[in-house]
Amino acid sequence: PMLENRDAGKELRVNGRSIPRHPKHQRFYYAPLGGNPPVKTIKPSPRYWTAGKYRVTGEGGADIGPFSVDVQFPEEPVWTNRDRIESIDRKRGVTLEWRGAGAAFILATGIDNLDGGSTLCLCVAPPKARSFTIPPAALANLPSTLIPGSYYSQLGIALAPETEPPRVKTKGVGAIYAVPLSIVSKSVAIP
């Protein structure tokens, strides 16, 4: 089950680089691996992920056996109308346009810095699409950013391979899947 804490070992490795368990959420493995994450607590660093093949391995633990899976990381999407979008009008929707191969996931997020609450709007573009409009109904629950310092909002495009992800069977789980996402995003205002 998703919410059950499963022990797959003290760390995962990506091409040999350690990904330890998250200090607060032990069922997740977490490490910023470079780039410019849209959070203030992680400083920008040189990108680790580039298009190409990566091997994800786990030594195994009490609940899940050892595994190794190869993942083909996609090219980063080129967001062609990125500079023209500075804010989102929730009543009109917002259209994103891009170049790049893969299944596209369009996302908009709102994080309340005062109470820690968050909202996510995630849409899946039709196969082979190169533009997508997030409809007003999907944006309705994103909070306004009009109160300075209270809300933080992002708009982004994520590409994933269009092929079925590799899967590996091991002790304790039906299968392990590795799905790489290449994401570009930006901060936006939401009046």
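Predicted model: local features only at pLDDT ≥ 70, side-chain atom pairs only at ≥ 80, totals over all residues.
A polar contact is a pair of N or O atoms within 3.5 Å. The side chain of His22 reaches the backbone nitrogen of Lys24 at 3.0 Å.

Where does His22 sit? Its place is the loop between strand 2 (17–20) and strand 3 (52–58). His22 has a relative accessible area of 18%. Buried means under 20%, so His22 counts as buried. Leaving out residues up to four places away in sequence, His22 touches Phe28, Tyr29 and Tyr30.

## The chain as a whole

Along the sequence, the pattern reads β-β-β-β-β-β-β-β-β-α-β-β-β-β. The C-alpha atoms fill a box of roughly 50 × 40 × 35 Å along the principal axes.

The protein chain has 191 residues, and 37% of them are buried. The chain exposes about 11400 Å². Carbon and sulfur atoms supply 56% of that area. Take the contacts in the protein chain with a separation of 6 or more: residues 24 or more positions apart account for 58% of them.

Strand 1 (residues 11–14) and strand 2 run antiparallel. Four bridges join them. In one of these strands, strand 2, Pro20 is the bridge partner of Glu11.

Two residues lie between the strands of this hairpin. Asn15 takes a positive phi there, near 50°.

The largest nonpolar core has 23 residues. Which residues have the most contacts inside it? They are Val94, Leu96, Trp98, Ile106, Ile134, Leu139 and Leu155. At least two residues of this core come from each of strand 6 (94–99), strand 7 (103–112), strand 8 (118–124), strand 9 (131–134) and strand 10 (151–160). A second, separate core has 16 residues, including Tyr29, Val71, Val168 and Ala178.

Leu96 shows the surroundings of one member of the largest core. Not counting residues up to four places away in sequence, Leu96 touches Trp79, Asn81, Ile85, Ile106, Arg130, Ser131, Phe132, Ile134, Leu155, Gly156 and Ile157. Tyr29, from the second core, is also among the residues that His22 touches.

## One aromatic pair

A pair of aromatic rings is described by the distance of the centres and the angle of the planes. The structure holds one such pair. The rings belong to Tyr54 and Phe73, and their centres are 6.0 Å apart. Their planes stand at 75°. Angles over 60 degrees count as edge-to-face, so this pair is edge-to-face.

What does the pair tie together? Tyr54 lies in strand 3 and Phe73 in strand 4 (residues 67–73), so the pair links parts that are 19 residues apart in sequence. Tyr54 is buried, with a relative accessible area of 7%. Phe73 also counts as buried, at 9% relative accessibility.

## Ser182 in strand 13

Ser182 lies in strand 13 (residues 182–187). Is Ser182 buried or exposed? At 5% relative accessibility, Ser182 counts as buried. The side chain of Ser182 reaches the backbone nitrogen of Glu76 at 3.5 Å.

Neighbours within four places in sequence aside, Ser182 is in contact with Phe73, Pro74, Glu75, Glu76, Pro77, Ile157, Ala158 and Leu159. Among these, Phe73 is also a partner in the aromatic pair. Ile157 is also touched by Leu96.

How values were computed:
Residues numbered from 1 in each chain as written. Heavy atoms only, no water. Buried < 20%, exposed > 50% of the residue type's maximum accessible area, 1.4 Å probe, protein only. Polar contact = N/O pair within 3.5 Å; in protein donor to acceptor, adjacent residues only side chain to side chain. Contact = heavy atoms within 4.5 Å. Core = buried A, V, L, I, M, F, W, Y, C linked by side-chain atoms within 4.5 Å. Phe/Tyr/Trp six-rings, centres within 6.5 Å; stacked < 30°, edge-to-face > 60°. Areas by Shrake-Rupley, 256 points an atom, 1.4 Å probe, with all protein chains shown as cover. Pairing = 2+ DSSP bridges.
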